[in-house]
Amino acid sequence: MNLLKTSATLIISVILCTALLFIGCNKESPAGCTFTTPTDVASNAEIDSIRRYITNNNLTAVQHPSGVFYQITSPGAGSNPDVCSIVRVNYEGRLFNNSRFDFDNSTSGASFTLGQLIKGWQIVLPLIKPGGIITLYIPPSLGYGSRAITDGSGGVIIPADSYLKFDITLLDVQ
């Protein structure tokens, strides 16, 4: 039973990592990068929902002008990433009901071009440097929006219009 559960978790993680890679609009390599930092802003209703979540859970977070809330545990050192950077991270993604939908805590971490990830990551991850640790509270419009994220058999992993929480350690920036 544990082997089946571990295999299912691995498959889901691979699918989600692949989905994260292909979320962006432009797929050019970093050398010819034409990504731009998103200027999207969450609605007041989404921002109010995150505020209530933070208050109800006795959390401390700062609101970015975009509507993403964040808490920097450690700022790190070195160069900040931008949307054209390849970032190597350890992370855990959860819904606001605390259900974990994805993670990578391997020693090598997961590598992504930042401009290909969800807007919440693109907007706020550049606030830290390698070695930095940040928690993001992302409204649906800066996450996956109104589309559900499903696994290979059609099971919903992230429901449409989900609020997302990510704990991220930035391991490296290229």
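**A proline, a core and a disulfide**

Proline 126 sits in the loop between H3 and S6; helices (H or I, at least four residues) and strands (E, at least two) are DSSP runs, numbered from the N terminus. The model is a predicted one, where local features need pLDDT of at least 70 and side-chain atom pairs count only at pLDDT 80 or more, while totals for chains, interfaces and linings use all residues. Residues are numbered from 1 along each chain as its sequence is written, and side-chain values use heavy atoms, with hydrogens and water left out.

With a relative accessible area of 21%, proline 126 counts as partly exposed; buried means under 20%, exposed over 50%, and partly exposed in between (1.4 Å probe, protein chains only). Setting aside neighbours within four places in sequence, proline 126 is in contact (heavy atoms within 4.5 Å) with Asn80, Pro81, Leu114 and Trp121.

Trp121 also turns up among the residues with the most contacts inside the largest nonpolar core, which has 39 residues. Such a core is a set of buried Ala, Val, Leu, Ile, Met, Phe, Trp, Tyr and Cys residues joined through side-chain atoms within 4.5 Å. Strand S9 (164-173) is one of the elements that each supply at least two residues of this core, and S9 gives the most, with five residues.

Then there is the one disulfide, meaning a pair of cysteine sulfur atoms within 2.5 Å. Cysteine 33 is joined to cysteine 84, S to S 1.9 Å, and the link is left-handed, with -75° about the S-S bond. Cysteine 33 is buried, at 18% relative accessible area.
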